[in-house]
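Consider how the two chains shown here meet, and how one copy is placed relative to the other.

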There are 2 protein chains.
Amino acid sequence: MEACNETLNPTRRSWVTTANLSDTDFPIQNLPFGRFRSNSNEPWRIGVAIGDMVLDLKAAGLIHHADMNQLLSMKKEDRVALRVAISNGLKEDTPVHRHAFEQALVAQSSIEMGMPCDVGDYTDFYVGIHHATAVGKLFRPDNPLLPNYKWVPIGYHGRSSTLNVSGTSFPRPCGQVKAPDSEVPTFQPSARLDFELELGVVIGQGNPQGHPISMEDAENHVFGLTLFNDWSARDIQAWEYQPLGPFLSKNFASTLSPWIVTMEALSPFRQKFKRADGEPQPLPYLSSQSNSLQGAFDVKLEVLIQTEAMRQAGLPFERISYSNFTQAAYWTVAQMVTHHTVNGCSLRAGDLFGSGTLSGPKPEQAGSLLELTQGGKQTIALSNGEKRTFLQDGDAIALKGWCEKPGAVRIGFGECVATVMPPSVA
Amino acid sequence: MEACNETLNPTRRSWVTTANLSDTDFPIQNLPFGRFRSNSNEPWRIGVAIGDMVLDLKAAGLIHHADMNQLLSMKKEDRVALRVAISNGLKEDTPVHRHAFEQALVAQSSIEMGMPCDVGDYTDFYVGIHHATAVGKLFRPDNPLLPNYKWVPIGYHGRSSTLNVSGTSFPRPCGQVKAPDSEVPTFQPSARLDFELELGVVIGQGNPQGHPISMEDAENHVFGLTLFNDWSARDIQAWEYQPLGPFLSKNFASTLSPWIVTMEALSPFRQKFKRADGEPQPLPYLSSQSNSLQGAFDVKLEVLIQTEAMRQAGLPFERISYSNFTQAAYWTVAQMVTHHTVNGCSLRAGDLFGSGTLSGPKPEQAGSLLELTQGGKQTIALSNGEKRTFLQDGDAIALKGWCEKPGAVRIGFGECVATVMPPSVA
């Protein structure tokens with residue numbers, strides 16, 4: 001890990017000078033992985049972001065294939081060795097590789113980003129305790145959290161086929177909804193379309209069926225994190241979700257940022273994970289000494305909106321919420337991995353977990369409109385005079401995520417944005 | 001379709017003489033698709049079952065690749081043309097192909113069957129109304145069916161990575177369970193392990209995201225059906241499933257039969273699909289004239305058990321339940337497809353739907369032990385003197401499915417069997 005620690009040294013700078021700007025998401029300490037192409041006729045290539053450029057790993061001679069899922073399946077030691085090679089070749093005054101790396105650099109402005117990997121299975125967790133409490137309160141004011149919440153890292157399976165990379169717009173979903181005062185449901189475009197502020201967890205090396213992953217080993221199976229927006233149609237959800245959970249209310253689209261920020265890059269931002277006094281301690285299979293000491297990650301998060309009217313008027317995205325992974329999450333990434341596999345379930349490289357909605361403890365830190373508007377009862381006001389309860393056609397939602405603290409270089413997650421289009425069925 | 005109709009002619013016989021036996025699952029009228037290999041060092045090949053043999057489609061010159069998902073994605077016309085070519089080459093007194101086909105035949109006894117395709121997304125529906133009613137009754141005696149059941153084809157997402165082909169044993173899952181009289185949950189092997197009698201629906205040609213599939217077009221996107229056992233840990237399920245549905249209680253293993261019985265082979269066994277008087281008519285998007293006239297399929301089903309003691313004593317599998325797709329299902333295959341995509345969700349070739357547990361109307365026709373034993377309160381007696389509430393280690397469960405009626409040749413689904421092994425975690 002000493003070599004890896006050198007890649008995190010805050011004094012390290014790159015000969016790619018845009019990587020040394022204080023506001024870049026992609027300094028040399030970050031080095032996130034993604035898939036890109038210069039035009040839609042060529043296959044996806046594997047790249048690492050550095051400043052405003054992308055390093056093509058195969059062109060740079062660092063790997064000999066272009067299969068991201070194969071890269072994700074590497075053992076942690078090999079992943080770290082690759083990171084060290086990339087960092088050493090990109091650092092200022094490098095004695096090696098500079099010419100080969102220069103030939104393998106492409107401007108981010110000239111490329112299209114794809115889904116970062118092929119996702120076999122996507123699981124959405126529900127680790128945001130303030131979200132679970134706020135949503136529960138809408139249904140059960142006196143008993144918002146269900147009895148299992150503080151014991152079980154609740155999760156459910158989602159749909160892989162409709163995971164989209166940032167920038168992919170989608171039509172407003174149609175479906176069955178039933179008004180409380182109506183005898184029968186109607187079929188219509190969702191009138192309560194919402195976003196969900198989440199992080200994505202990208203699985204690295206998998207496990208065979210029947211072989212659970214222990215807490216001590218869990219993070220070795222995680223490649224890194226992304227931003228994740230799990231769009232939700234609240235009216236469809238309310239009518240369909242009993243007794244087997246959300247289905248069409250969620251599986252029309254989910255948006256992922258294109259860059260996987262690695263666990264190595266996140267390591268300076270680890271925080272203590274500890275249950276407050278009075279909270280039940282996790283069952284032994286969900287406990288570990290190292291996880292308690294450093295299992296949480298201090299990722300700062302924001303939600304921004306740009307309506308169609310704002311876009312027409314040339315107004316930028318406007319912040320409507322902010323949060324933080326550590327404050328929001330009741331369970332750690334390691335606990336998600338271990339719980340998911342404890343029954344023998346297998347994970348495969350490239351599988352994705354959503355964290356669940358990461359609402360902060362304060363009302364203005366809510367990660368969904370359902371919470372921000374108290375179930376649609378209060379509007380939120382935008383500075384151009386528009387109001388919103390749920391999303392309108394033409395609304396674009398952007399998520400932002402970054403890590404910063406004194407003594408470390410700020411790293412960012414890049415872009416996670418998509419626009420709601422009119423329904424495709426009349 | 002005239003050429004296809006000839007492949008269903010009950011007088012058609014094959015020069016593969018075992019296909020002409022009255023008790024074979026695989027007469028020339030069936031021709032189901034699967035993947036096989038002669039040993040574990042070779043790649044999967046695409047085959048069609050005929051009697052006790054398999055026809056290797058590539059070796060026979062009928063296709064030029066070995067990619068089942070590519071084959072599944074064919075348009076219906078091309079799929080029918082392939083069926084006609086296979087049937088014509090296998091029929092008695094064929095003027096063509098016989099020599100090439102003979103060279104491409106392999107004995108089923110000499111091969112290993114694989115998963116019939118790569119499943120991208122797996123969705124489990126809940127169309128068995130007698131199952132939904134019986135399970136609901138255990139929780140809500142006065143109001144067993146939830147208000148949405150007769151309007152929404154209820155479904156939820158399952159796990160693709162733990163779908164196994166028939167013959168794959170799996171360890172009993174461990175997980176959190178909480179006794180009703182206990183304050184806190186414990187971690188232990190499931191004590192209420194169950195099977196679920198289902199059919200699998202294998203998607204053929206997919207649809208792009210944002211483009212729903214209409215009822216009239218729905219069956220064109222279905223390649224065929226399989227047997228499907230969605231193993232379930234009832235104690236884990238009871239504690240984890242609120243509010244987002246089943247997760248670890250289901251995703252440890254599901255078992256699929258290796259042969260996809262095509263919609264063409266099933267077509268003689270179509271039946272009228274009609275709502276009884278007093279039942280709500282489906283919303284317009286779930287209605288179609290052709291579906292009402294012929295949307296259901298008369299597939300006969302059985303569940304059999306062989307315990308470890310029975311195996312040791314040389315006793316065969318013993319039937320513990322029987323059912324029928326038409327009687328059990330409140331929604332058709334076409335309605336599942338259309339509902340799943342009506343919000344813009346995309347399906348891909350090889351995606352799998354489970355039907356949900358297909359319990360018949362009588363108590364002895366229940367498709368799970370949960371129902372057969374009234375939630376574990378009554379034992380079922382086996383003829384060797386053993387009793388069961390839920391499954392014991394060493395129990396093997398086999399599903400059987402077939403279609404028969406006067407004037408048509410019986411077709412079968414082949415084998416869907418797996419054995420419960422001891423838990424892999426102490």
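A polar contact is a pair of N or O atoms within 3.5 Å, and within protein one of the two must be able to donate a hydrogen and the other to accept it. In this predicted model, 37 residue pairs between chain A and chain B are in polar contact, with both residues at pLDDT 80 or more. The rule for salt bridges finds four across the interface of chain A and chain B; one of them joins A:Arg159 to B:Asp351, with the closest N and O atoms 2.6 Å apart.

Turning to the elements of chain A that touch chain B, at least two residues each are supplied by β6 (122-125), β7 (155-157), β10 (174-177), β11 (186-189), α7 (234-240) and α12 (333-341). The largest share, three residues, comes from β7(A). By residue class, this side of chain A divides into 31 nonpolar, 22 polar and five charged residues.

The size of an interface is often given as the accessible area lost when the parts come together. Between chain A and chain B the buried area is about 5,400 Å², of which carbon and sulfur atoms give 61%, and the contact takes 58 residues from chain A and 58 residues from chain B.

How values were computed:
Residues numbered from 1 in each chain as written. Chains lettered and ligands numbered in written order. Predicted model: local features only at pLDDT ≥ 70, side-chain atom pairs only at ≥ 80, totals over all residues. Heavy atoms only, no water. Contact = heavy atoms within 4.5 Å. Buried area = accessible area lost by both parts, 1.4 Å probe. Salt bridge = Lys/Arg side-chain N within 4 Å of Asp/Glu carboxyl O. Polar contact = N/O pair within 3.5 Å; in protein donor to acceptor, adjacent residues only side chain to side chain. Helix = DSSP H or I, 4+ residues; strand = E, 2+ residues; numbered from the N terminus. Nonpolar A, V, L, I, M, F, W, Y, C, P; charged D, E, K, R; others polar.
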